[in-house]
Amino acid sequence: VSVVFPAGWPIESTKNGASATSPDSNATLELELAMDQFGLEPRDYLQRKIGVIRLENGRDIRVEGRPGYTGIATVPTPYGLRRARVAVVFEPTRQTAYIFTGSGRYDENEIAQDDQFLRSVYTVNRMTANQARRVSPQQIRVVKARETTSIDSLAARSPLKNFKREQIRLINGLYPDGEPQPGQWVKTVR
């Protein structure tokens, strides 16, 4: 599946989806993927999933033929308990639900980035063959350490985003401060 997040918002992978944060860090759009047996209407599913009874300004939606529902609810967000745009889009053939929560640091009455949040919800679509070819998952490769191989040199070439040195040490059993020895087989992330 593909989703278009607001332009210029850095995207991070999360345990069950992805999250995009505005450049000023004042708004966040979270996407959670849930593999579920449906049996509920999108509205009922969304209320049950996010744990709210009352959805304001709620309405049924269709995204590329997929059923869904959206509304405003007071929910936990990265900024604390806030009013947020919430939405669900079902992918019945895969028994998957795409759950969106869009919130802002200062959103107590109005949802400042609501238009951008809704635009992203309406972009849920099947990934094209061309898009699928461009997606390259990270892979673990094993290399033989040389005299010049260090955790810093491995981290410099790694696509990991955060804590590169620590993660490379961890997968090699060198945490917290070990270094590879010449001739040792070392796992790298590519």
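Mentor: A salt bridge is a side-chain nitrogen of Lys or Arg within 4 Å of a carboxyl oxygen of Asp or Glu. Keep in mind that this model is predicted.

Trainee: Which residues are linked in a network of salt bridges?

Mentor: Arg54, Glu56 and Arg83 form that network. One of its pairs comes with a distance: Glu56 and Arg54 meet at 3.6 Å, N to O.

Trainee: What makes the pair of Glu56 and Arg54 a salt bridge?

Mentor: Set the value against the cut-off. The N to O distance is 3.6 Å, and the rule asks for within 4 Å. The pair of Glu56 and Arg54 qualifies.

Trainee: Are these two side chains buried or exposed?

Mentor: They fall in two classes. Buried means under 20%, exposed means over 50%, and partly exposed lies in between. Arg54 has 62% relative accessible area, so Arg54 is exposed. Glu56 has 24%, so Glu56 is partly exposed.

Trainee: How many salt bridges does the rule give?

Mentor: The count is seven. Another of them joins Glu91 and Arg66, at 2.6 Å, N to O. Glu91 sits in strand E6 and Arg66 in strand E5, so this pair ties together parts that are 25 residues apart in sequence. Glu91 and Arg66 are both buried.

Trainee: Which parts does the salt bridge of Arg165 and Asp152 link?

Mentor: First the value: Arg165 and Asp152 meet at 3.5 Å, N to O. That pair links distant parts of the chain, helix H5 with Arg165 and helix H4 with Asp152, 13 residues apart. Arg165 is at 40% relative accessibility, so Arg165 is partly exposed. Asp152 is at 48%, so the class is again partly exposed.

Trainee: Why is Ser120 called buried?

Mentor: Because Ser120 has a relative accessible area of 2%, and buried means under 20%. Ser120 is found in helix H2, residues 114-121. Leaving out residues up to four places away in sequence, Ser120 touches Val3, Val4, Phe5, Pro6, Leu29 and Phe100.

Trainee: Why is Thr74 called partly exposed?

Mentor: Thr74 is at 43% relative accessibility. That lies between 20% and 50%, so "partly exposed" is the word. Thr74 belongs to strand E5. Among the residues Thr74 touches, beyond four places away in sequence, are Val52 and Leu81. Thr74 and Glu110 are 36 residues apart in sequence and 12 Å apart in space, C-alpha to C-alpha.

Trainee: Which residues of helix H1 are buried?

Mentor: In H1, residues 42-50, they are Pro42, Tyr45, Leu46, Gln47 and Ile50. Their cover includes strands E3, E5, E6 and E7. Just after H1, Gly51 takes a positive phi of about 75 degrees.

Trainee: Which residues other than glycine have a positive phi?

Mentor: Asn57 and Glu64 are examples, each at about 50 degrees. Most residues other than glycine have a negative phi. Asn57 lies in strand E4, while Glu64 lies in the loop between E4 and E5. Asn57 has 59% relative accessible area, so Asn57 is exposed. Glu64 is at 56%, so Glu64 is exposed too.

Trainee: What makes the peptide bond of Tyr175 and Pro176 worth a look?

Mentor: The bond is cis, with omega at about 15 degrees. Most peptide bonds are trans. Pro176 lies in the loop between H5 and E9.

Trainee: Which residues gather in the patch of positive charge?

Mentor: Arg141, Arg146, Arg157 and Arg190 do, on the surface. Take Arg190, in the segment after strand E9. Arg190 is at 41% relative accessibility, and patch residues need over 30%. Arg190 passes, though its class is partly exposed.

Trainee: Which residues make the nonpolar surface patch?

Mentor: Ile140, Val142 and Trp185 make it, with about 350 Å². Val142 lies in strand E8, residues 140-144.

Trainee: How do you know that Val142 counts as exposed?

Mentor: Val142 is at 51% relative accessibility. Exposed means over 50%. So Val142 counts as exposed.

Key. Residues are numbered from 1 along each chain as its sequence is written. This is a predicted model: local features need pLDDT of at least 70, side-chain atom pairs count only at pLDDT 80 or more; totals for chains, interfaces and linings use all residues. Side-chain values use heavy atoms; hydrogens and water are left out. Buried means under 20% relative accessible area, exposed over 50%, partly exposed in between (1.4 Å probe, protein chains only). Helices (H or I, at least four residues) and strands (E, at least two) are DSSP runs, numbered from the N terminus. Contact means heavy atoms within 4.5 Å. Patches are made of residues with over 30% relative accessible area and no salt bridge: like charges are joined within 9 Å, nonpolar side chains (Val, Leu, Ile, Met, Phe, Trp, Tyr) within 5 Å. Accessible areas come from the Shrake-Rupley method with a 1.4 Å probe; for residues, only the protein chains shown count as cover. Lys and Arg count as positive and Asp and Glu as negative; His and the chain ends are not counted. The place of a charge is taken as NZ of Lys, CZ of Arg, CG of Asp or CD of Glu.
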